[in-house]
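Please read these notes with the model open beside you. They go point by point, from the whole fold to single residues.

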Amino acid sequence: MIELNNIEKYHPAKGIKHYVLRHVSASIASGEFVSVMGPSGAGKSTLLNILGMLEEPTYGTYHFMGEDITSMNERKRIELYRNHIGFVFQAYHLIDEMTVQENIEAPLIYKKIVASERKSRVADLLDRFNMVAKKDLFPSQLSGGQQQLVGIARALVAEPSLILADEPTGNLQSAQAAEIMSLFRKLNREEGITIVQVTHSEKNAQYGNRILTIEDGVVRTDTPVAGQL
Ligand SMILES: Nc1ncnc2c1ncn2[C@@H]1O[C@H](COP(=O)(O)OP(=O)(O)OP(=O)(O)O)[C@@H](O)[C@H]1O
């Protein structure tokens with residue numbers, strides 16, 4: 001599903017190249033659940049943003065589902081993103097002025113999906129996540145764990161093949177974090193959704209099948225998880 005070949009990313013500042021990623025090559029197969037770990041500032045979020053087409057690498061190539069993203073025009077890239085990728089953020093990034101229901105529905109409006117289909121998909125997700133009673137509340141009226149469930153429902157509503165999650169439980173208590181990780185495991189195992197998450201938590205990383213560690217922009221280790229949770 002994902003093939004990164006010799007990816008480099010730097011930000012020029014005062015004539016000096018500040019490298020964030022160097023010589024990153026990696027492949028992720030469909031159906032995997034991969035955790036990206038490493039110290040603060042190592043380049044994890046940058047890597048995830050490149051995978052999610054939110055940032056472009058300075059050099060190297062990125063193939064997603066067989067297509068070369070690095071040489072693709074923006075319109076096609078956005079279409080590929082909308083059809084295949086769901087992003088989950090640490091800080092949820094919900095729209096404060098929209099209700100739970102409207103937040104979940106938003107990606108379908110961008111995809112120009114008709115209202116009846118939108119309503120039915122949103123209703124299914126609300127039901128699945130036990131949030132029917134909360135559908136008319138605003139994000140500020142929910143707990144952190146509930147807000148993240150809405151964030152995940154919004155990522156799922158367009159039926160993505162890949163979920164990218166940047167510290168999805170970073171703002172949550174451990175019980176809520178475990179609930180979110182169990183949900184990811186279920187989506188991965190039962191629905192075959194590929195997941196790549198950035199995490200600082202050893203425990204969260206054990207829910208996946210593989211751990212990539214990054215240090216100073218370089219992939220240091222790539223190891224399977226023994227005794228996956
Ligand atoms: N637009 C930018 N301009 C200059 N430097 C940047 C920019 N974006 C990121 N960086 C630098 O790139 C490096 C990697 O950032 P990144 O957010 O990918 O790290 P991270 O591993 O996700 O860190 P954390 O765990 O703290 O979130 C950091 O040193 C950061 O300061």
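1. Take contacts in the protein between residues at least 6 apart in sequence: 68% of them join residues at least 24 apart. Two residues are in contact if their C-beta atoms, placed from the backbone, lie within 7 Å. This is a predicted model, where local features need pLDDT of at least 70, side-chain atom pairs count only at pLDDT 80 or more, and totals for chains, interfaces and linings use all residues. Residues are numbered from 1 along each chain as its sequence is written.

2. Next, overall size. The C-alpha trace spans about 50 × 40 × 35 Å along its principal axes. Of the 229 residues, 36% count as buried. Buried means that 20 or more other C-beta atoms lie within 10 Å of the residue's own; exposed means 12 or fewer, and partly exposed lies in between, with C-beta atoms placed from the backbone.

3. The protein has seven helices and 10 strands. Both are DSSP runs, numbered from the N terminus: helices are H or I with at least four residues, strands E with at least two.

4. Now the sheet. Four strands form an open sheet in the order β2-β1-β4-β5, with antiparallel pairing. β2 and β5 (67-68) stand at the edges with a single partner strand each, so one side of each has no neighbour in the sheet. Strands pair if DSSP finds at least two bridges between them. Nine bridges join β1 (residues 2-13) to β2. Y10 stands opposite Y19 in β2.

5. Is strand β6 (residues 85-89) largely enclosed or left open? Four of its five residues are buried, so β6 is largely enclosed by the rest of the structure. Five bridges join β6 to β7 (residues 162-166), and the two run parallel. F89 stands opposite D166 in β7.

6. The largest nonpolar core has 54 residues. Such a core is a set of buried Ala, Val, Leu, Ile, Met, Phe, Trp, Tyr and Cys residues joined through C-beta atoms within 7 Å. Helix α5 (residues 144-156) gives the most to this core, with six residues. V36 and L47 are among the residues with the most contacts inside the core.

7. Look at V36 in strand β3 (residues 33-37). V36 is buried, because 27 other C-beta atoms lie within 10 Å. Beyond four places in sequence, the contacts of V36 include L47, V196 and I214.

8. Compare G144, in helix α5. G144 is partly exposed, with 16 other C-beta atoms within 10 Å. Past four places in sequence, G144 touches N171, L172 and Q176.
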